[in-house]
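Subject: Structure handover

Hello,

Here is the structure we talked about. Please open it first, then read the notes below it.

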Amino acid sequence: MLHNIRIVLVESSHTGNMGSTARAMKTMGLTNLYLVNPLIKPDSQAIALAAGANDVIGNAALVDTVDDAINGCSLVVGTSARSRTLPWPMLEPRECGVRAVQAGEHAPVALVFGRERVGLTNDELQKCHYHVAIPANPDYSSLNLAMAVQILAYELRVAYLDRQQTGGTPQEETPYPLVDHLERFYQHLEQTLQRTGFIRPAHPGQVMSRLRRLFTRARPEEQELNILRGMLTSIEKQDKNQVK
């Protein structure tokens with residue numbers, strides 16, 4: 001299941017952090033590193049700080065966007081060190097490890113880490129099912145990127161070992177939609193709401209952000225998402241018939 005977990009670094013500016021992240025990953029049994037539009041490609045410093053995890057940094061996938069990195073994932077967790085104007089479902093690091101390992105039994109999972117200085121944008125965070133914040137010392141909460149990866153990678157390892165020891169809790173697999181399917185639903189929803197006049201195309205405002213949060217909290221299953229898509233299609237057909 002750990003092979004199904006991706007560590008995603010967005011627009012990293014220090015190659016040393018890439019190498020240190022690779023080392024942090026390999027010590028915990030993780031191998032899938034995604035680099036989203038890195039400002040500098042991995043270099044000799046990255047290899048040096050990987051300290052034996054050259055295979056992880058050498059096989060890292062370089063992609064252009066966060067969408068590319070999380071494509072095909074059924075669970076995406078974004079790291080966020082600060083509160084947002086629009087609160088999102090939150091996980092503690094330990095709970096993050098448990099959920100990621102459980103989901104990783106059936107489909108790819110992504111843990112997304114932001115830029116060294118400013119983290120993830122609001123748009124990027126809204127692509128995540130959950131946010132996770134490491135409860136560091138509030139008087140000095142400055143965590144290096146690789147340190148943050150190490151902490152969450154450790155929680156993944158603990159959850160994995162616990163699941164191996166107990167054999168996991170037998171439960172029926174719930175098929176959740178992949179994130180790219182969810183994005184198509186949100187596009188369909190926005191287009192339909194624009195056609196009906198519920199939102200204005202030039203000024204969607206906070207409506208779509210709040211609807212994203214609503215469906216993120218509800219986390220519809222794959223079959224439920226298909227029902228929602230069918231409802232939107234029905235509304236579109238009715239709208240077209242009225243125009244005729």
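Start with arginine 212. Arginine 212 counts as buried because its relative accessibility is 14%. Buried means under 20% relative accessible area, exposed means over 50%, and partly exposed is in between (1.4 Å probe, protein chains only). Arginine 212 sits in helix H9, residues 207-218. Leaving out residues up to four places away in sequence, it touches Trp88, Gln126, Glu183 and Tyr186. A contact here means heavy atoms within 4.5 Å.

Before you go on, some ground rules. This is a predicted model, where local features need pLDDT of at least 70, side-chain atom pairs count only at pLDDT 80 or more, and totals for chains, interfaces and linings use all residues. Residues are numbered from 1 along each chain as its sequence is written, and side-chain values use heavy atoms, with hydrogens and water left out.

The whole protein

The protein has ten helices and seven strands. These are DSSP runs, numbered from the N terminus: helices are H or I with at least four residues, strands are E with at least two. The C-alpha trace spans about 65 × 45 × 35 Å along its principal axes.

Of the 244 residues, 44% count as buried. Now take the contacts between residues at least 6 apart in sequence: 85% of them join residues at least 24 apart.

The charges come next. There are 25 positive and 25 negative side chains, and the centres of the two sets lie 4 Å apart. Lys and Arg count as positive, Asp and Glu as negative; His and the chain ends are not counted. Each charge is placed at NZ of Lys, CZ of Arg, CG of Asp or CD of Glu.

Helix H1

H1 covers residues 15-27, which is 13 residues. From first C-alpha to last it reaches 19 Å, close to the expected 18 Å. The expected span is 1.5 Å times one less than the number of residues. Its buried residues include Met18, Thr21, Ala22 and Met25. What do the buried residues of H1 pack against? Strands E1 (5-10) and E2 (32-36), and helices H2 (44-50), H3 (54-58) and H7 (145-166). After H1 comes glycine 29, with a positive phi near 85°.

Serine 74 is in the loop between helix H4 (66-70) and strand E4 (75-79). Is serine 74 buried or exposed? It is buried, because its relative accessible area is 8%. Its contacts, not counting residues up to four places away in sequence, include Ala103, His129, Tyr176 and Arg219. Serine 74 and glutamate 221 are 147 residues apart in sequence, yet 10 Å apart in space, C-alpha to C-alpha.

Glutamate 11 is in the loop between E1 and H1. Its phi is positive, near 50°, and it is not a glycine. Glutamate 11 is partly exposed, at 25% relative accessible area.

Alanine 51 lies in the loop between H2 and H3. Phi of alanine 51 is also positive, near 50°. Alanine 51 is partly exposed, at 45%.

Best wishes
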